[in-house]
Amino acid sequence: MKVDTGLGITFDADVDGVEAAEASGYDAAWLPETNHDPLLMAAAAGRTTERIQIGTSILVAFARSPMTTAVAANDLQLYTRGRFLLGLGSQISAHITRRFSMPWSDPAKRMREYIAAVRAIWRTWETGEPLDFQGDYYSHTLMTPMFDPGPNRHGNPPILLAGVGPQMTRVAGEIADGFLAHAFTTPRYFREVTVTGLAEGRKVAGQTLDGFEISGFPFVVTGATEEAMARTAKACRKQLAFYASTPAYRGVLELHGWGDLGVELTALSKQGEWDTMGTLIDDEVLGEFAIVAEPDRVADVLLERYGDLFTRLTPYPLGPSAPEVWEPIIRKLQSA
């Protein structure tokens, strides 16, 4: 199993973090689109590393046209010498329309077309065939020699699509090279909803899940001391409450009979009661969403829950990731 790390603190810290992750033996480092541009961070990190893969988790697709994404991803694949992973996600409507001032409609259908457009652009650069992509949401019909970089000597980067709901998950199986699982999931939801959706999408594409990358991002509550574990658990409850307050993610809660919890958390979020929200995540909910274990048991519990599902994973620790705690966990997972 490949073991990755997720970053997202500050620009300089993330760039340095990719170097540190490479030195620690991680297989990939994922850069988010939060308060910095992950494409710029990936470029900076690619210059100072040699082995580690560098991915976006996620790049907000609908904030960009397929052409700008295709160009940037192609350049980063060149710049990292074939180590770039293009992780895409839709975000939610409020961010697309109110933060990015971009159109929002039919996210799953739009994403299928978006990725098809990116691939059509890459195919034109690779083969020289005329660019003629015309869809319901995007149209790309012009590519003159001045703007054509030609074939990428490292090949096109893999596209991994993030999703939670069944529709976006099926799209990932149908048209992407892999799937980025949201941290807000449970083993039951992943097996009954996510894997089923991915398999349905792969069937549409005439493929199976063999060779399809599935990247997990499980919450992990651990620590070298009881105090450290308690701090991590508190932080995890707060983060889970934040995700659970998002109506688009309510299906995960409803599968477990916790739909009312989501409704209550949504109401509290609108009142700005962020600290109060975490107290509503009891031990049962925490235990379903997170790995809660002493450091020497974390790898075993992760493998028990997800070893037959994930091809790579990014542990989601809340709090400082002490090397003395995590390095043995990483080694055990990579040897599985």
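I call a residue buried under 20% relative accessible area, exposed over 50%, and partly exposed in between, with a 1.4 Å probe and protein chains only.

**Ground rules.** I worked on a predicted model, where local features need pLDDT of at least 70, side-chain atom pairs count only at pLDDT 80 or more, and totals for chains, interfaces and linings use all residues. Residues are numbered from 1 along each chain as its sequence is written, and side-chain values use heavy atoms, with hydrogens and water left out.

**Cores.** I looked up the nonpolar cores first. Such a core is a set of buried Ala, Val, Leu, Ile, Met, Phe, Trp, Tyr and Cys residues joined through side-chain atoms within 4.5 Å. The largest has 76 residues. Leu-86, Leu-88, Met-111, Tyr-114, Trp-122, Leu-161 and Phe-310 have the most contacts inside it. Helix 5 (residues 107–127) gives the most to this core, ten residues. I take helices (H or I, at least four residues) and strands (E, at least two) as DSSP runs, numbered from the N terminus. Another core lies apart from the largest one and has 28 residues, including Val-164 and Ile-281. In soluble globular proteins, nonpolar side chains tend to be buried together.

**Phe-310.** I then listed its contacts, meaning heavy atoms within 4.5 Å. Leaving out residues up to four places away in sequence, Phe-310 touches Met-1, Phe-190, Ile-214, Gly-216 and Pro-218.

**Rings.** I count rings of Phe, Tyr and Trp (its six-membered ring) as a pair if their centres lie within 6.5 Å; planes under 30 degrees apart are stacked, over 60 edge-to-face, the rest tilted. The structure holds 17 aromatic pairs. Phe-190 and Phe-310 pair edge-to-face, 5.2 Å centre to centre with 90 degrees between the planes. Phe-190 sits in helix 7 (residues 187–204), and Phe-310 in the loop between helix 13 (295–306) and strand 13 (312–313), 120 residues apart. Is Phe-190 buried or exposed? Phe-190 is buried, at 1% relative accessible area. Phe-310 is buried as well, at 5%.

Next I checked Phe-217 and Tyr-316. Their ring centres are 4.6 Å apart and their planes at 25 degrees, so this pair is stacked. Phe-217 is in the loop between strand 10 (213–216) and strand 11 (219–221), while Tyr-316 is in strand 14 (residues 316–317), 99 residues apart. Phe-217 is partly exposed at 27%, whereas Tyr-316 is buried at 13%. Both belong to a cluster linked by ring pairs, with Trp-258 and Trp-274 among the other members.

**His-140.** I found His-140 in strand 7 (residues 139–140). His-140 is buried, at 10% relative accessible area.
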